[in-house]
Amino acid sequence: MSSGVAARRDAKKLVRSPSGLRMVPEHRAFGSPFGLEEPQWVPDKECPRCMQCDAKFDFITRKHHCRRCGRCFCDRCCSQKVSLRRMCFVDPVRQCAECALVSHKEAEFYDKQLKVLLSGATFLVTFGNSEKPETMVCRLSNNQRYLFLDGDSHYEIEIAHISTVQILTDGVPPGERDIRADTGLRRSLLGPEGGNTRATGMFLQYTVPGAEGVAQLQLTAGEDGNASRRQAAAWLVAMHKAAKLLYESRDQ
């Protein structure tokens, strides 16, 4: 990939919306697949009362719109200002209590797990039905749109084209216990949060533009040292969270 293409993918611009300042991709096509679109605000004339406590709006009780869901609330029910990086806001924005709770939980992904995905980890990568794995570094691209796999060769998988993500654990072969997903993405029921099981790898299915059928690969944490294995395990945990966000984005 040329430096010019990479720069175009990562270019951003500052825009002002009714909800606040946003740092968005200069080219919409290169937006993060984890992102959420700004909601349409409920028109003022359609919300004479708070949509949480039913307080009537007047000169003293002012109405406020939650920047995440777009509904109308009084100040008491919509007083929190919380970071909303999935919508690219520069500063914390006003949200209702329910949305603020969700945004607080998502902050862990952006503060911790996204950094792990961008840093990458080393895996044994098996493409398709090949019996010979290749040692590769797997990482998320800076614009969060691609998985880069680098070893003797270089591969790019567009996140939006991934249809199945399954975290593999001790003693569980690929293909078992998947969740159905009518939006296209499937996540595994098994994962780092599922009891005492240990994540050992990941199974992916994805489409390749211009090719028929579905491609697949498997990432397996190597046995070369505790530090490398810990890094790989942390990357798998982060990717498991990313898959959840991607599923939610598609289901929006």
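**Overview and selected residues**

Modeller: Of the 252 residues of the protein, 42% count as buried. Please keep in mind that this is a predicted model.

Colleague: How many helices and strands does the protein have?

Modeller: The protein contains three helices and 14 strands.

Colleague: And what is the accessible surface of the protein?

Modeller: The accessible surface amounts to about 13,900 Å², and carbon and sulfur atoms account for 50% of that area.

Colleague: What share of the contacts join residues at least 24 apart?

Modeller: That share is 50%, counted among contacts between residues at least 6 apart in sequence.

Colleague: Let us turn to single residues. Where does Q95 lie, and is Q95 buried or exposed?

Modeller: Q95 belongs to strand β6, which covers residues 93-95. Its relative accessible area is 0%, and the limit for a buried residue is under 20%, so Q95 is buried.

Colleague: Which residues is Q95 in contact with, leaving aside its neighbours within four places in sequence?

Modeller: The contacts of Q95 include C66, R68, C78, S79, Q80, V82 and S83, and also L84, A100 and S103. With V82 there is a further detail: a polar atom of the Q95 side chain lies 3.0 Å from the backbone oxygen of V82.

Colleague: How far is Q95 from H64?

Modeller: Their C-alpha atoms are separated by 9.0 Å, and the two residues are 31 residues apart along the chain.

Colleague: Changing topic, how many cavities of 30 Å³ or more are there?

Modeller: A search of the whole structure finds one. The largest cavity holds about 50 Å³ of space.

Colleague: Which residues line the largest cavity?

Modeller: Its lining consists of R68, S83, L84, R85, R86, S103, E106, A107 and Y110. By type, the lining has four charged, three nonpolar and two polar residues. R68, S83, L84 and S103 are also among the contacts of Q95.

Colleague: What about S19, where is its place?

Modeller: S19 sits in the loop between β1 (12-17) and β2 (20-25). S19 is buried because its relative accessible area, 9%, is under 20%.

Colleague: Which side chain does the side chain of S19 make a polar contact with?

Modeller: The partner is the side chain of E38, at 3.2 Å. Beyond its neighbours within four places in sequence, S19 is in contact with E38, W41, R67, F89 and V93.

Colleague: Which residues have a positive phi?

Modeller: D54 has a positive phi of about 70 degrees, and phi of C88 is near 70 degrees as well. Most residues other than glycine have a negative phi.

Colleague: Where are D54 and C88 found?

Modeller: D54 is in the loop between β2 and β3 (63-65), while C88 is in the loop between β5 (80-82) and β6. D54 is partly exposed, with a relative accessible area of 47%, and C88 is partly exposed at 24%.

Notes:
Residues are numbered from 1 along each chain as its sequence is written. This is a predicted model: local features need pLDDT of at least 70, side-chain atom pairs count only at pLDDT 80 or more; totals for chains, interfaces and linings use all residues. Side-chain values use heavy atoms; hydrogens and water are left out. Helices (H or I, at least four residues) and strands (E, at least two) are DSSP runs, numbered from the N terminus. Buried means under 20% relative accessible area, exposed over 50%, partly exposed in between (1.4 Å probe, protein chains only). Contact means heavy atoms within 4.5 Å. A polar contact is a pair of N or O atoms within 3.5 Å; within protein, one must be able to donate a hydrogen and the other to accept it, and residues adjacent in sequence count only if both atoms are side-chain atoms. Accessible areas come from the Shrake-Rupley method with a 1.4 Å probe; for residues, only the protein chains shown count as cover. On a 1 Å grid over the protein atoms alone, a cavity is a set of points where a 1.4 Å probe fits but cannot get out, and a pocket is an open set with protein on both sides within 12 Å along at least five of seven lines; lining residues have an atom within 4 Å of a point. Grid points are joined across faces, edges and corners, and a volume is the space filled by probe spheres set on the points. Ala, Val, Leu, Ile, Met, Phe, Trp, Tyr, Cys and Pro count as nonpolar, Asp, Glu, Lys and Arg as charged, and the others, Gly among them, as polar.
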